[in-house]
Amino acid sequence: MTHRFFSTSIALLFLVPTLVFAAELPTDRSYITFDAAKQDAMTPASAIEKLKAGNRRFVEGDAHNRDLRAQAESTASGQYPFAVVLSCLDSRSAPEIIFDQGVGDLFVARVAGNVINDDMLGSFEFATKVAGSKVIVIMGHSACGAVMGACDGVEMGHLTGLLDKIMPAVDATPVAADAARNATNRKFVEAVTEANAKMQVADVLRRSPILKALVDQGDLLVVPAMHDLSTGEVTFL
Ligand SMILES: [Zn+2]
């Protein structure tokens, strides 16, 4: 009797901490990142749907509880990201977080004002033509400081040249007759941000024959998007 009680107690000692631990840290190892077969099975359209679904989880506070350590191990021998995201440097607009993706899921390029240059195009060409990603998202965000700086004609060191890349969007964005054409006009700033994302997409296709060919073959989509900082929601334009 004593022996049986002792055995049961020992068993409970092991069982109870396991249950408590499981309840406190429900990690799911099933969100292991893409392998070549999974990436091959994706289309540009399904890649966008996957990003939309991830953003919905983020907005609803229902992000996957990934085992990132396990993902790091499983991707160490190779990567098969399904999407590329170019976003602003802004600390609040982090693609892996707002699209609820894990290690090895996304190629991420970041620069203030989410503008492209030759190095960015080379990176995109690698990420898609060589590494097989299905979509490039160029994502602006609300209340973007870089866009505000461009709207106000800010000049400072190397920032001047960067903001010059946003100026075509500033120049192309109309305002009402009585409205200000500067950063005090919130609607103007948002409109310039959208225009900038769209113009960067057009520039990608104009400047990179490799990416244009992938798009024409139906193997790639290049799309502009906007991230609302306050809601977390990403709108594909
Ligand atoms: Zn920004």
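Q: Which residues point one way from β3, and which point the other way?
A: In this predicted model, V135, V137, M139 and H141 point to one side of β3, whereas I136, I138 and G140 point to the other, and all of them are buried. Strands (E, at least two residues) and helices (H or I, at least four) are DSSP runs numbered from the N terminus. Buried means under 20% relative accessible area, exposed means over 50%, and partly exposed lies in between, with a 1.4 Å probe and the protein chains only. As 7 of the 7 residues of β3 are buried, β3 is largely enclosed by the rest of the structure.

Q: What should I know about the numbering and the values before going on?
A: Residues are numbered from 1 along each chain as its sequence is written, and side-chain values use heavy atoms, with hydrogens and water left out. Because this is a predicted model, local features need pLDDT of at least 70 and side-chain atom pairs count only at pLDDT 80 or more, while totals for chains, interfaces and linings use all residues.

Q: In what order do the strands form the sheet?
A: Two strands pair if DSSP finds at least two bridges between them. Here 5 strands form an open sheet with mixed pairing, and their order is β2-β1-β3-β4-β5. The edges are β2 (106-110) and β5 (234-236), each of which pairs on one side only. Neighbouring strands are turned against each other by 25 degrees on average, direction ignored; such angles run from 0 to 180 degrees between N-to-C directions of lines fitted to C-alpha atoms, for helices over the stretch in contact.

Q: How many bridges join β3 to β4, and how many are there between β1 and β3?
A: Between β3 and β4 (residues 221-227), which run parallel, there are 7 bridges, and V135 stands opposite L221 in β4. The pairing of β1 and β3 is also in the parallel sense, over 5 bridges. On that side, V84 stands opposite I136 in β3, and L86 stands opposite I138 in β3.

Q: Which residues coordinate the zinc ion?
A: Donors are N, O and S atoms within 2.8 Å of the metal (3.2 Å for Na, K and Ca), and sites may look incomplete because water is not among the atoms. The zinc ion is coordinated by C88 through SG, H141 through NE2 and C144 through SG, at 2.0 to 2.3 Å. C88, in the loop between β1 (83-87) and α5 (95-98), and H141, in strand β3 (residues 135-141), are 53 residues apart, so this pair links distant parts of the chain. In sequence the donor spacing is C-x52-H-x2-C. C88 counts as buried because its relative accessibility is 4%, and H141 is likewise buried, at 1%.

Q: Is T160 buried, exposed or partly exposed?
A: T160, in helix α8, counts as partly exposed because its relative accessibility is 21%. T160 and G149 are 11 residues apart in sequence, and their C-alpha atoms are 9.3 Å apart in space.
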